[in-house]
Amino acid sequence: TNLGNVKCWGRNVEGELGMGSSQLAVGTSPADLGSALPYLDFGKNEHAVEIAAGYYHTCAVLDDGQGNASGNLKCWGDNSEGQLGLGDVRSRGLSANDMGDSLPFVSLGTGRLARQIALDTGDTCALLDDGTAKCFGDNFYGQLAQGDWTSRGGQSDQMGDALKSIQ
């Protein structure tokens, strides 16, 4: 079946479509769509149970291989502000080597799993299994609710347990 498989089209300047291709726009020709449009590769036995798109990046909550939400989170596209939550600022999705099993899971903290996600232009928020939330990426207007203007997610010591939860 195709349950949990995802196809994306539209703008692809930052790899936000996750196709592993540098094609700048997908869907401007009927030849781009339908069976010609590939499914995204989240990794072996990984399928999406929820997907959200920001302006230049995309994230998916994945399943456990049985169609149930595992709470594992993967993000791709622009990462200039750490909005992919991977501890660096390297964008992902323009190269085939960026996706699939090569695309790391976002570290949300020990034992924490994503239940829902929301994306904005340069930031990402995840509602976690314990009812709290964690946000990362651009914090120019304080949108990460950390009491400061510091962006998070672009350095290896800013994610996981180091990223404070929002109550």
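A salt bridge is taken here as a side-chain nitrogen of Lys or Arg within 4 Å of a carboxyl oxygen of Asp or Glu. The views show a predicted model, in which local features need pLDDT of at least 70 and side-chain atom pairs count only at pLDDT 80 or more, whereas totals for chains, interfaces and linings use all residues. Residues are numbered from 1 along each chain as its sequence is written, and side-chain values use heavy atoms, with hydrogens and water left out.

**View A. The salt bridge between R152 and D148.** The side chains of R152 and D148 meet with a distance of 2.6 Å from N to O. Burial is stated by relative accessible area (buried under 20%, exposed over 50%, partly exposed in between; 1.4 Å probe, protein chains only). R152 counts as buried at 14%, while D148, at 23%, is partly exposed. The structure holds six salt bridges.

**View B. The salt bridge between R11 and E16.** The N to O distance between these two side chains is 2.6 Å. R11 is partly exposed, with a relative accessibility of 36%; E16 is buried at 6%.

**View C. The salt bridge between D129 and R112.** The closest N and O atoms of D129 and R112 are 3.0 Å apart. Strands (E, at least two residues) and helices (H or I, at least four) are DSSP runs, numbered from the N terminus. Both partners are partly exposed, D129 at 30% relative accessibility and R112 at 28%. Through shared partners, salt bridges join R112, D129 and D130 into one network.

**View D. The largest nonpolar core.** This core has 30 residues, and those with the most contacts inside it are F42, L73, V106, L108 and I117. Two or more residues come from each of β3 (48-53), β4 (57-63), β5 (69-77), β6 (114-119) and β7 (123-128). The strand β4 gives the most, with four residues. A nonpolar core is a set of buried Ala, Val, Leu, Ile, Met, Phe, Trp, Tyr and Cys residues joined through side-chain atoms within 4.5 Å.

**View E. The surroundings of L73.** Neighbours within four places in sequence are left aside here, and contact means heavy atoms within 4.5 Å. On this basis, L73 is in contact with C59, A60, V61, P104, F105, V106, L108, A114, I117, A126 and F136.
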